[in-house]
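This report sets out selected features of the structure shown below. Please keep the sequence and the coordinates at hand while reading.

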Amino acid sequence: MLTDGNGLALLGAAIAACAGCGSGMGVGIAGQAAAGVVAGDPKKFGRTLILQALPGTQGIYGVVIAFLIMVKTGFLGGAMLDLTVAQGWYYLAAGVPIGVVGFASGIGQGRAAASALQLMAKRPDQMSKGIIYTVMVETYAILAFVVSILIWLRIPA
Amino acid sequence: MQKISVISLKENRRELLDRLIELEAVEIRDQSYKLSDDLWKENVYPDYVPEKIAYYEGKVTRAQQALDVVVEYGGLKKPLFKTRRIVSAEEAQFIPSAKGTAEELIERLIGLNDKLRQEREEINRIDVDDLMLEPWTEFDVPLDQLETRDTMVLMGALPAVFDPAAMEQTVSAVTDRYVMKQISEDKSRRFLALILPKDKAEEIVPAIKDQGFQPLELKDREGTVKENIESNQSRKAGLEAERDKVYSEIAAIASQKDVIEDYYDLMAVELEKRKARNKLLRTDKTFFLEGWIPVNREESVKALLDSLGCVYEFEDPKEEDTPPVLLKNPGFFTPLEGITEMYSLPAYGSFDPTSIFALWYIVFFGMMFSDAMYGLIMIVVLGIVLKKYNLEGSMKKMVTMLFYCGISTFVFGALFGGWFGNAFEVVAETFFGKTIDIKPLWFDPLDDPLTLLLISLVLGVAHLFLALGIEGYLLLREGKVTDFVCDILLWYDTVIGLIMWLGGGMISESLAPIGKWMSIIGIAGLLLTGGRDRKGAGKIIGGFSNVYNITGWLSDILSYARILALGLATGAIAQVVNTMGALGGKSVVGVIMFVVIFILGHLLNFAINALGAFIHSARLQFVEFFGKFYVDGGEPFDPYRMKTKYVKVENSAINS
């Protein structure tokens, strides 16, 4: 497998998509806190939903990279290119940053979102600050996303 | 801000408070703390009127309850933005005369709401009863005839996990004069009726209860179960008809919602006046008021005080005072005050950077969001909102600011060639088989990310240098020339020097050596002056920690790479959405698929990246820019004014 370029490239796409694990856990953590807040005040449902959705972006970034890899390698077009082993490793390298960082930052962002939800329950007027804290975590997912894109961009087709 | 102190006769108090509220110029401060001073305590007492405050609070609460009822059941459309109705001063004079009508409406609404609640509870009870009766529909013994002289009917449920045969055995072990019949069953229970001799009941009932049987008590009922259910249904229908009548009654009153809203605000203003009075001190014949007033608002207040013959004094704030803060920026920049307020107001007398970072914020936002069509959407939608709705306060600031950001997004989108990503190219190629190429006006960051990275970092350095410049200006203003040289100039020298040394070679060979010497001088200077306020070994440690701050500068500068990152994210996700949409190819299904994916995908991308651009652009101000010089902790200026929720009275006193 490690000497099959196409296999390596798809492994890269698969790893990128694993950023969704982080988002899944993050959204889950935030969702638990959100349910607690809504139990106290059902009117806050809409606002809790915003905070709960924030850790979901890592998964989207991961899917975007996975998709980009699948498009460029022709996997989605029907006829997959014959990649060299080196090219395969490049695609694998493109998938790793968002896959790994997205995983970790999704969980971290979920925790921050949960705390922001507590903040909102006590001080609804301060919700915007809670959102800021939460989005701060995403910085690192965006950076990893960009590294993934930059690698992907420069892989000779 | 100036401190204003007023002493006047008690007779003037009411008129002063009535007219001062229209000026919206003075923040009245609670003076009760002065009573801890013996001299004050001997002579004055607070002007508390708790019973009046409670009276008006009650009125406001009841009006609010009534309005809640109207909003919930009145069938009125909810507006997108809450705006206040503008009422001319002449119209406003008639509001108090409608007080009686409003109170009557409020009482009626609250009464109707109580009625609704009772009806709802009654309907609930019926539903519960129906649920209980339903399994017994086939049981046709009238419920008032469940007993004879010697026998009784026992109804009940047996959970499905228990065996009815076992239960029957228990019964037959005691007597053979019984009838047991299953009436119905559902997923979890069997519903059984038993006819038993009365004299054996005491023995049988506890035994079968032990086997899981749950007897059902149906007391004080007449007729069969079926008849009971039918009468329930007709009662329910009656209640529902009545409920609909109440709804239509509420809807009829809803057309007079304005009257109640007027009344609410009238009471809220009265409450505000009483609360202001609570903050005064008084003697038997006079009262004392103290508060803060912005410098440019003094004239109108002075005129009022003179006309009432008050004794007053304006003073500059003293060291121990905590005056409130009112931001004052040129008109174009006021919308950006929302960003400053979001962080925290600057401490009184410290520097308000709103007008300086305003354009930076807008530019950063545009570079991060960077899609011309997204920008166009913002311009059109927010433009309509601004035109159509009478927004006020922080909402207006926010929407106006985002409108500016929309323009910036459009400009940078066009420069970087993002029009819904590459949607037009994809559509042309997939559905029309033509290849078009919309050229960016400048360059496409996806083709040349390094250029955008460089631009981001250069902008970052400029932004940081500006912040350092403000810090330097503040130091010079305080006359701290040494600090200015050591903490500002040396840093300019070091950072510029390092950049020239490391990167100057790209522009001209001669820059690198100059940069080298500039940085050496700078670092040496930092090393020597870093510990100038400390003693002994602290001088050395201070010097080294000062030099170590170079890493802080490095991370600050690199932080601006997020401009590139968010810009690329918008473009890349948009392109993926378009590519995914085009996967269906040139067919009817393909077009439908494209439209659906296009709308959902771009909606999502817009939401993620608009939020990202908003927050990360703010972060660059809060952390990198403010970090250099900002002193926070100001209390917002909250003048004594009509805090109305629904009505805005056109106020000639303020505009003049």
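## Basis for judging helix length

The expected span of a helix is 1.5 Å times one less than its number of residues. The model discussed here is predicted.

## Helix 12 of chain B

Helix 12 of chain B has 16 residues and should therefore span 22 Å at 1.5 Å a residue; its end C-alpha atoms are 22 Å apart, in agreement with that value. Twelve of these 16 residues are buried, so the helix is largely enclosed by the rest of the structure. The buried set consists of B:T354, B:F357, B:A358, B:W360, B:Y361, B:I362, B:F364, B:F365, B:G366, B:M367, B:M368 and B:F369. These residues pack against helix 11 (337–343), helix 13, helix 14, helix 16, helix 20 (561–581) and helix 21 (588–629) of chain B.

Just after helix 12 of chain B comes B:S370, with a positive phi of about 35°, although B:S370 is not a glycine. This residue belongs to the loop between helix 12 and helix 13 (372–388) of chain B. B:S370 counts as buried because it has 32 C-beta neighbours inside 10 Å, where 20 or more are required.

## Two helix pairs in chain B

Two packed helices are described by the angle between their axes and the distance between the axes. For helix 12 (residues 354–369) and helix 14 (residues 393–416) of chain B, the angle is about 50° and the axes are 7 Å apart. Helix 12 and helix 14 of chain B are therefore oblique to each other, and their crossing is right-handed. On the helix 12 side of chain B, the contact is made by B:I362, B:V363, B:F365, B:G366, B:M367 and B:F369; on the helix 14 side, by B:Y404, B:C405, B:S408, B:T409, B:V411 and B:F412. The residues of this contact comprise nine nonpolar, three polar and no charged.

Helix 5 (residues 99–133) and helix 9 (residues 257–278) of chain B pack at about 105°, with an axis separation of 9 Å. An angle from 65 to 115 degrees counts as roughly perpendicular, and helix 5 and helix 9 of chain B are therefore described in that way. Here B:K99, B:T101, B:A102, B:L105 and B:I106 of helix 5 meet B:V259, B:I260, B:D262 and B:Y263 of helix 9. The classes represented in this contact are six nonpolar, one polar and two charged residues.

## Loop residues of chain B

B:E24 is situated in the loop between helix 1 (13–23) and strand 2 (27–28) of chain B. B:E24 is not a glycine, yet its phi is positive, at about 50°. Because 16 other C-beta atoms lie within 10 Å, B:E24 is partly exposed.

B:G433 occupies the loop between helix 15 (423–432) and helix 16 (449–477) of chain B. With 8 C-beta neighbours inside 10 Å, B:G433 counts as exposed. B:G433 and B:L76 are 357 residues apart along the chain, and their C-alpha atoms are separated by 50 Å.

## Chain A and its helix 4

Chain A contains six helices and zero strands, giving the order α-α-α-α-α-α from the N terminus on. Its C-alpha trace spans about 60 × 25 × 20 Å along the principal axes. Of its 157 residues, 53% count as buried. Among contacts in chain A between residues at least 6 apart in sequence, 85% join residues at least 24 apart.

Helix 4 (residues 57–72) of chain A has 16 residues and reaches 23 Å from its first C-alpha to its last, close to the expected 22 Å. Since 14 of those 16 residues are buried, helix 4 of chain A is largely enclosed by the rest of the structure. A:G74, just after this helix, takes a positive phi of about 80°.

## Contact between the chains

How many residues of chain A are in contact with chain B? There are 18, and they meet 19 residues of chain B. Helix 4 and helix 6 (127–154) of chain A each supply at least two residues of the side that touches chain B. The greatest contribution to that side comes from helix 6 of chain A, with 13 residues. By class, the side of chain A that touches chain B has 15 nonpolar, three polar and no charged residues.

Methods. Residues are numbered from 1 along each chain as its sequence is written. Chains are lettered from A and ligands numbered from 1 in the order in which they are written. This is a predicted model: local features need pLDDT of at least 70, side-chain atom pairs count only at pLDDT 80 or more; totals for chains, interfaces and linings use all residues. Helices (H or I, at least four residues) and strands (E, at least two) are DSSP runs, numbered from the N terminus. Axes are lines fitted to C-alpha atoms, for helices over the stretch in contact, and angles run from 0 to 180 degrees between N-to-C directions. Angles under 35 degrees count as roughly parallel, over 145 as roughly antiparallel, 65 to 115 as roughly perpendicular and the rest as oblique. A crossing is left-handed if the near helix is turned anticlockwise from the far one by less than a right angle, and right-handed if clockwise. Two residues are in contact if their C-beta atoms, placed from the backbone, lie within 7 Å. Ala, Val, Leu, Ile, Met, Phe, Trp, Tyr, Cys and Pro count as nonpolar, Asp, Glu, Lys and Arg as charged, and the others, Gly among them, as polar.
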